[in-house]
Amino acid sequence: MASAVTSSVVQASFDALEKQRELINTCTVLWKELSDHFTTLEQGIEQKSESLKSKRRFVDVRTKRALDTLKRREMTIDSSVDRAIEVVESRRRAAVEILESGLGDESAGIAEKLKCYCAKMDSLAFLDLVLSKRKEADLLRVEVPLALEKCVDPARFVVDALSVVFPVDKRETKCPTDVAWASVLVLESLQPVLSDPQLGSIRPLIPRTIRQKARYMADMWKHGLGSRGGVEGSKPPDAHAFLQLVVTFGIAVKEERGLYRKIVVSFSWRRQMPKLAMAVGLDDQMDDIIEELIAKGQQLDAVNFAYEAGLEENYPPVPLLKSYLEDSVNASSYSSDSQNQAGNNGRKEQSALRAVIKCIEDHKLDSEFPLTDLQNRLETLEKAKLDKKKTSSSPTHSGCTSTSTSTGGTNSTATSAPPNKRTRLCGPTMPSKAGRMTSSLTSSFSPVPVTAVVRSPSHSPYQQAVPAVPPPHHPYQVVYGNRSPYQIEESIAMPYQSPPYQSPTYQSPTYQSPTYQSPSYQSPSYQPYYNGVAGYPYQTYYR
């Protein structure tokens, strides 16, 4: 007979099944985790593989281009030499003609002077003229390349001129403003002049000695980075001039690409930086540079770099520009208690809008990003700024009453601020200070019920007679203070008949007040006030 199944056996069976279920669940979770991990690895490997393939294709294209260039250069050496000799001879003849014609006098224009200095190879006069015409930079960008073509040796001419001011200004009379802009302008103008007639700018026609001098100037600028606090502590025009010097004379070094990249990223907002980055050999690092600029919130610069490197498909410009505008709007809408901070934020948003509009126009993105909304927003901000400026510049009158008492005894009242600030009364004021007294009977801070104030008689000589002071209505001492009193009695301005005020004889520190019809009052003792006039007794103190 089958044995009876007890409850303990059944419970043990269920416990065994529960353990197996937990084991299966654990295995399932582990399998899912392993599957996800290997899927992630496969995706990462595929991405890296695609990146390596794209870089390999880029290297192959660049290698093929370099080989073709080398082949062309080898084939054109003889013709380039002949062409260079012809150019030098033509420049020599042009220089002789200019010297014989006597151009470059004081009455000549900028173009004639530049050509004359270039023909004479007078680099110092040429540099001084360029530095003195900074306000005419647009004209210089047109005329300097034409003038440099008149030089017999333009590379030597420019190196001799820039060695005076770059990397350090060595002139005795230094220019009060920055001179790096002139270095950049001259170097940019020199680049097309040195280009090979057949190969273009990829092979500048520069003598070896001149190239060594340019490399020495670049090394001197690099050695001074430590004293200036590195690339971040350098001035943007100086860093720009350094890169332009490297590009113009073709002295870029592969080992210094880290320095070039740091300069490009630090001053990416300058207009020529994308082209300079490509020229110094950073074309294979443009992806990383663009990613770094986006991470730093410089989406507008990233768009310019992407277009220069031909990567606009990998980095769509419209989303980047919209993100840039959103960041500027968020910065301008930041609540701040400072009015100056709010004004700065408004100006930042206006600058961002102008920069985005300029970028859209340069890269012809009107169809993808219409300019109507941006222009309307810019007009709104400019109008608000103008209204705010008008509101802040409009005068506000608080209805202050000004009372002036002239020598003839006339009283005039006006609502605008008086020309003499010392006689202005705007509402209740603090009690006037007491005169120069040392007596404890009268305190400098005690209120005076009625105070007579005498206006200064236009600072006339002290030898003139002291104007008469009318007696007050109350038996209080007349106090001459340096602040405005509570009110001015009308009796001051009204004519009256009284004997002229007699200055007491300075015999003792005791001062006798003038006699008038009022209860007798003995003024307290005081220390005499000496005004520095020899032989003249004590005078009344005028405000």
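The following legends describe close-up views of a predicted model.

Local features are given only at pLDDT of at least 70 and side-chain atom pairs only at pLDDT 80 or more, while totals for chains, interfaces and linings use all residues. Residues are numbered from 1 along each chain as its sequence is written, and side-chain values use heavy atoms, with hydrogens and water left out.

**View 1. Overview of the chain.** The chain holds 18 helices and three strands; these are DSSP runs numbered from the N terminus, helices being H or I of at least four residues and strands E of at least two. Of its 543 residues, 32% count as buried, where buried means under 20% relative accessible area, exposed over 50% and partly exposed in between (1.4 Å probe, protein chains only). Among contacts (heavy atoms within 4.5 Å) between residues at least 6 apart in sequence, 69% join residues at least 24 apart.

View 2. The largest pocket contains about 1800 Å³ of space. A pocket is an open set of points on a 1 Å grid over the protein atoms alone where a 1.4 Å probe fits, with protein on both sides within 12 Å along at least five of seven lines; lining residues have an atom within 4 Å of a point. Grid points are joined across faces, edges and corners, and the volume is the space filled by probe spheres set on them. Of the 48 lining residues, K275, L276, M278, A279 and V280 lie nearest the centre. Helices that each supply at least two lining residues include α1 (7–75), α12 (273–279) and α16 (339–363). The lining comprises 20 nonpolar, 12 polar and 16 charged residues; Ala, Val, Leu, Ile, Met, Phe, Trp, Tyr, Cys and Pro count as nonpolar, Asp, Glu, Lys and Arg as charged, and the others, Gly among them, as polar.

**View 3. The largest nonpolar core around I263.** This core has 87 residues, and F126, L148, F242, F249 and I263 have the most contacts inside it. Helix α7 gives the most to the core, with eight residues. A nonpolar core is a set of buried Ala, Val, Leu, Ile, Met, Phe, Trp, Tyr and Cys residues joined through side-chain atoms within 4.5 Å. Neighbours within four places in sequence aside, I263 touches W221, V231, A239, F242, L243 and M273.

**View 4. Helix α14 and the residue that follows.** The buried residues of α14 are Q299, L300, D301, A302, V303, F305 and A306. Just after this helix, G310 adopts a positive phi of about 75 degrees.

View 5. R21 pairs with E18, the closest N and O atoms being 2.4 Å apart. These two residues are three apart in helix α1, separated by about one helical turn. Both R21, at 43%, and E18, at 34%, are partly exposed. In helix α16, K358 and D362 lie four residues apart, and their side chains meet at 2.8 Å, N to O. An α-helix has 3.6 residues a turn, so residues three or four places apart point the same way.

**View 6. A salt bridge between a loop and a helix.** R171 and D128 form a salt bridge with their closest N and O atoms 3.6 Å apart. R171 lies in the loop between α6 (154–162) and α7, and D128 in helix α4 (residues 123–132), so the pair ties together parts 43 residues apart in sequence. R171 is buried at 17% relative accessibility, whereas D128 is partly exposed at 41%. D169 joins D128 and R171 in a network of salt bridges.

Methods: Salt bridge = Lys/Arg side-chain N within 4 Å of Asp/Glu carboxyl O.
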